[in-house]
Amino acid sequence: AGKWTGVVKVPGADIPLVVTIAKAADGALSGGLESPSQAPGMIIPLDTIKADEELFSFTIDAIQGDFMGVWQEETKTWSGAWTQSGQSFPLELKPAQ
């Protein structure tokens with residue numbers, strides 16, 4: 001749970017992302033994604049979220065996007081890939097400051 005930030009590096013642009021995850025009392029996860037440079041303030045709901053100590057993933061059906069990352073203890077980041085419309089790009093999510 002919490003707020004995570006990262007930058008997707010696509011050809012010709014760096015796209016910052018903010019992912020916010022909340023954990024309900026029953027353990028259910030919910031969240032949203034914001035792209036401050038593309039649509040500031042617009043939060044796109046996450047459709048599925050899976051997380052444990054080692055893996056974190058989510059999907060966003062509305063934009064055909066998903067993320068899957070592995071926990072990196074030494075850097076305290078989720079290191080993985082953002083995939084959208086069949087293209088995959090490296091993405092590292094770190095705790096928001």
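This is a predicted model: local features need pLDDT of at least 70, side-chain atom pairs count only at pLDDT 80 or more; totals for chains, interfaces and linings use all residues.
**Salt bridges**

Side chains of opposite charge can pair when their charged atoms come close. The two pairs are set out in the table, together with the relative accessible area of each partner.

| Salt bridge | N to O | Relative accessible area |
|---|---|---|
| Asp-14 and Lys-9 | 3.3 Å | Asp-14 47%, Lys-9 53% |
| Lys-76 and Glu-73 | 2.0 Å | Lys-76 40%, Glu-73 46% |

**Positive phi angles**

Most residues other than glycine have a negative phi. Lys-76, which takes part in the salt bridge with Glu-73, has a positive phi of about 55° although it is not a glycine, and its place is in the loop between strand E7 (65-72) and E8. Ser-85 also has a positive phi, near 50°, and lies in the loop between E8 and E9. With a relative accessibility of 54%, Ser-85 counts as exposed.

In soluble globular proteins, nonpolar side chains tend to be buried together. Here the largest nonpolar core has 19 residues, and those with the most contacts inside it are Phe-58 and Leu-93. The elements that give two or more residues to this core are E1, E2, strand E6 (55-60), E8 and E9, and of these E2 gives the most, with four residues.

Which residues are in contact with Leu-93, leaving aside its neighbours within four places in sequence? They are Trp-4, Thr-5, Gly-6, Val-19, Phe-56, Phe-58, Phe-67, Thr-77 and Trp-78, so that Phe-58, named with Leu-93 for having the most contacts inside the core, is among the residues that Leu-93 touches under the 4.5 Å contact limit.

The largest pocket has a volume of about 260 Å³. Of the 16 residues that line this pocket, the closest to its centre are Ile-15, Gln-38, Ile-63, Trp-82 and Gln-84. The elements that give two or more residues to its lining are strand E1 (2-10), strand E2 (13-23), strand E3 (29-34), strand E8 (77-84) and strand E9 (87-95). By class, the lining consists of eleven nonpolar residues, four polar residues and one charged residue.

The second largest pocket holds about 190 Å³ of space, and the residues that line it are Ala-1, Trp-4, Ile-21, Lys-23, Leu-29, Ala-51, Phe-56 and Trp-78. This lining has seven nonpolar residues, no polar residues and one charged residue. Trp-4, Phe-56 and Trp-78, which belong to the lining of the second largest pocket, are also among the residues in contact with Leu-93.

Key. Residues are numbered from 1 along each chain as its sequence is written. Side-chain values use heavy atoms; hydrogens and water are left out. A salt bridge is a side-chain nitrogen of Lys or Arg within 4 Å of a carboxyl oxygen of Asp or Glu. Buried means under 20% relative accessible area, exposed over 50%, partly exposed in between (1.4 Å probe, protein chains only). On a 1 Å grid over the protein atoms alone, a cavity is a set of points where a 1.4 Å probe fits but cannot get out, and a pocket is an open set with protein on both sides within 12 Å along at least five of seven lines; lining residues have an atom within 4 Å of a point. Grid points are joined across faces, edges and corners, and a volume is the space filled by probe spheres set on the points. Ala, Val, Leu, Ile, Met, Phe, Trp, Tyr, Cys and Pro count as nonpolar, Asp, Glu, Lys and Arg as charged, and the others, Gly among them, as polar. A nonpolar core is a set of buried Ala, Val, Leu, Ile, Met, Phe, Trp, Tyr and Cys residues joined through side-chain atoms within 4.5 Å.
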